[in-house]
Amino acid sequence: MKNIPIILFAFLITMAFLNTGCYYDKAEILYPETVCDTAAIKYSNTIAPVMSSFCNSCHSGNTPSAGIKLDTYNDVAIQAANGRLWGAVSHSNNYSAMPKNGPKLNTCNLAKIKKWLDVGYPNN
Ligand code: HEC
């Protein structure tokens, strides 16, 4: 019976290790990407902010890259209609991959642009 404290101690240590081993605090598990909301996508609420964050540093002003402006609805609608917007952001063959010299837009932003194009690129 004099081994009981040692056994108890070993048991507690084991439980402590098991406990830390079972604790998953991973962002992907706690906040899955299903939070990508592609409902009610309009230029004003969704597309304009994406263009502003990833495109307009080059595609706005008096001398936009490639002569392509992307900072008003009418400007983006032109590139939506001619297929170049999707060609560029989806890195399709025969289009320059955009954002130039930057990482491809994330899956959620691409899904939003795709949805917006599919529903006829509404303004607001
Ligand atoms: C760092 C500057 C820069 C950024 C940021 C940028 N572009 Fe461009 N873009 C260019 C340049 C320069 C060209 C001309 C083609 C080339 O040099 O590859 C171009 C070309 C394009 C074209 C024409 C592609 C073709 O092959 O017809 C489209 C459409 C386009 N950009 C859209 C976008 C979109 C949408 C974004 C944001 C997601 C973006 N660009 C971000 C510089 C940029």
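A: Cys-36 and Cys-108 form a disulfide, with 2.1 Å between their sulfur atoms; the term denotes a pair of cysteine sulfur atoms within 2.5 Å. The structure holds one such link. A disulfide is a covalent bond between the sulfur atoms of two cysteines. The link of Cys-36 and Cys-108 is right-handed, with 95° about the S-S bond. Cys-36 lies in the loop between α2 (27–30) and α3 (43–54), and Cys-108 in helix α6 (residues 107–118), so the pair ties together parts that are 72 residues apart in sequence. Helices (H or I, at least four residues) and strands (E, at least two) are DSSP runs, numbered from the N terminus.

The model is predicted: local features need pLDDT of at least 70, side-chain atom pairs count only at pLDDT 80 or more, and totals for chains, interfaces and linings use all residues. Residues are numbered from 1 along each chain as its sequence is written, and side-chain values use heavy atoms, with hydrogens and water left out.

Cys-108 counts as buried, at 11% relative accessibility. Buried means under 20% relative accessible area, exposed over 50%, and partly exposed in between (1.4 Å probe, protein chains only).

A search of the whole structure finds three aromatic pairs. Rings of Phe, Tyr and Trp (its six-membered ring) pair if their centres lie within 6.5 Å; planes under 30 degrees apart count as stacked, over 60 as edge-to-face and the rest as tilted. The rings of Tyr-43 and Trp-116 have centres 6.4 Å apart and planes at 40°, so this pair is tilted. Because Tyr-43 lies in helix α3 and Trp-116 in helix α6, the pair ties together parts that are 73 residues apart in sequence. Both Tyr-43 and Trp-116 are buried, Trp-116 at 0% relative accessibility. Trp-116 and Tyr-121 form a tilted aromatic pair as well, 5.8 Å centre to centre with 55° between the planes. Tyr-121 is partly exposed, with a relative accessible area of 23%. Tyr-43, Tyr-73, Trp-116 and Tyr-121 form one aromatic cluster.

The protein donors of its iron atom are His-59 (NE2) and Met-98 (SD), lying 2.0 to 2.2 Å from the iron. Donors are N, O and S atoms within 2.8 Å of the metal (3.2 Å for Na, K and Ca); water is not among the atoms, so sites may look incomplete. His-59 is in the loop between α3 and α4 (73–81) and Met-98 in the loop between α5 (84–89) and α6, 39 residues apart, and the pair links distant parts of the chain. His-59 is buried, with a relative accessible area of 10%.

Of the 18 residues around the ligand, Cys-55, Cys-58, His-59, Arg-84 and Met-98 come nearest; a residue is near a molecule or strand if one of its heavy atoms lies within 4 Å of it. Cys-55 counts as buried at 11% relative accessibility, whereas Cys-58 is partly exposed, with a relative accessible area of 40%.
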